[in-house]
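Please work through the following exercises with the sequence and the structure side by side, and try each task before reading its solution.

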Amino acid sequence: MAETSASRPASTILLLRDGAAREIEVFMMVRHHQIEFNSGALVFPGGSVDAGDKEIVARADLYSGGESLSEADRGFRIAAIRETFEESGILLARSKDTGAPIDAKRAGEIADAHRVALNEHKISFLKILDDNGLQLALDTLVPYAHWITPEGMPKRFDTWFFLAAAPPDQLGAHDGRESTDSIWISPREAVEGGESGRFKLPFPTTRNLIRLAKQGSVSAALEHARGLSIVTVMPVMTKTETGRQLRIPREAGYDGEVFEVGAVG
């Protein structure tokens, strides 16, 4: 077995909106083919917790709704909101002065002014929040899942998945750097696309889409998530004659324990 690397803390957000025909839609992006991890895959916005996120944790005036959370949990949520802003332009934040959620026009102005510089590490997320009188809305995120990359993999992540209702009229757009396309899609259609070969879906993405597809509205999905007892999933991978088999805890709530995931590679 390959030497196991340590897992890096990471976060991802399943941004939801109500679609047609009693189906919710989730914002997803196609990762750039030159990206080292999950290149070409259809994924939710997200990424690693970084040092800048921890600096924001230390500035309680820059977020709201995190009073009952540990520092580590705040870091996961701050990273999730930052990565989502970097990758989609959607910003889950409030005005520090009024406490009101920022509207789509204001979010768009902030994205237009700072998103490229933020992605190029020419400005910090902390400075953007400070200069614009913003507080990150940590309480808009509802924990949904916790996955850790299997041991033996060269790049491993300890990832929290969160659900959040997309702010009204913030439609999102891919950044053209880490992602090359973006789409609002029903979980059902995304899963069907993975099965047909239209999309390349990582295993955790598929399992969470299948679970999400059972919910008929954003409010129902958030209510369901609030009632979850989240079980950490670190799949155990076994090579078989036909490919790979992944075993996950049945109590994690993914309709099974052993999954065939196709050819090795």
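Buried means under 20% relative accessible area. The model is predicted, and the exercises below rest on that model.

**Exercise 1.** Determine how many residues of strand β8 are buried, and find the strand with which β8 pairs.

*Solution.* Begin with burial: in β8, which spans residues 142-148, six of the seven residues are buried, so the strand is largely enclosed by the rest of the structure. Next, turn to pairing, where β8 and β9 run in the antiparallel sense and are joined over six bridges.

**Exercise 2.** Decide whether S11 is buried or exposed, and identify what its side chain reaches.

*Solution.* First locate S11, which lies in strand β1. Its relative accessible area is 2%, and because the cut-off for buried is under 20%, S11 counts as buried. The side chain of S11 then reaches the backbone oxygen of F76 at 2.6 Å, and residues that S11 touches include P45, G46, A79 and W160.

**Exercise 3.** Describe the largest nonpolar core and the surroundings of F125.

*Solution.* Start with the core itself, which has 38 residues, with I56, L91, F125 and L136 making the most contacts inside it. Elements that each supply at least two residues include β1, α1, α4 and β9, while the largest share, six residues, comes from α2. Leaving aside residues up to four places away in sequence, F125 touches I56, R82, F85, L91, L118 and L136. A second, separate core has 31 residues, among them L42, Y144, F161 and F259.

Note on methods:
Residues are numbered from 1 along each chain as its sequence is written. This is a predicted model: local features need pLDDT of at least 70, side-chain atom pairs count only at pLDDT 80 or more; totals for chains, interfaces and linings use all residues. Side-chain values use heavy atoms; hydrogens and water are left out. A nonpolar core is a set of buried Ala, Val, Leu, Ile, Met, Phe, Trp, Tyr and Cys residues joined through side-chain atoms within 4.5 Å. Buried means under 20% relative accessible area, exposed over 50%, partly exposed in between (1.4 Å probe, protein chains only). Helices (H or I, at least four residues) and strands (E, at least two) are DSSP runs, numbered from the N terminus. Contact means heavy atoms within 4.5 Å. A polar contact is a pair of N or O atoms within 3.5 Å; within protein, one must be able to donate a hydrogen and the other to accept it, and residues adjacent in sequence count only if both atoms are side-chain atoms. Two strands pair if DSSP finds at least two bridges between them.
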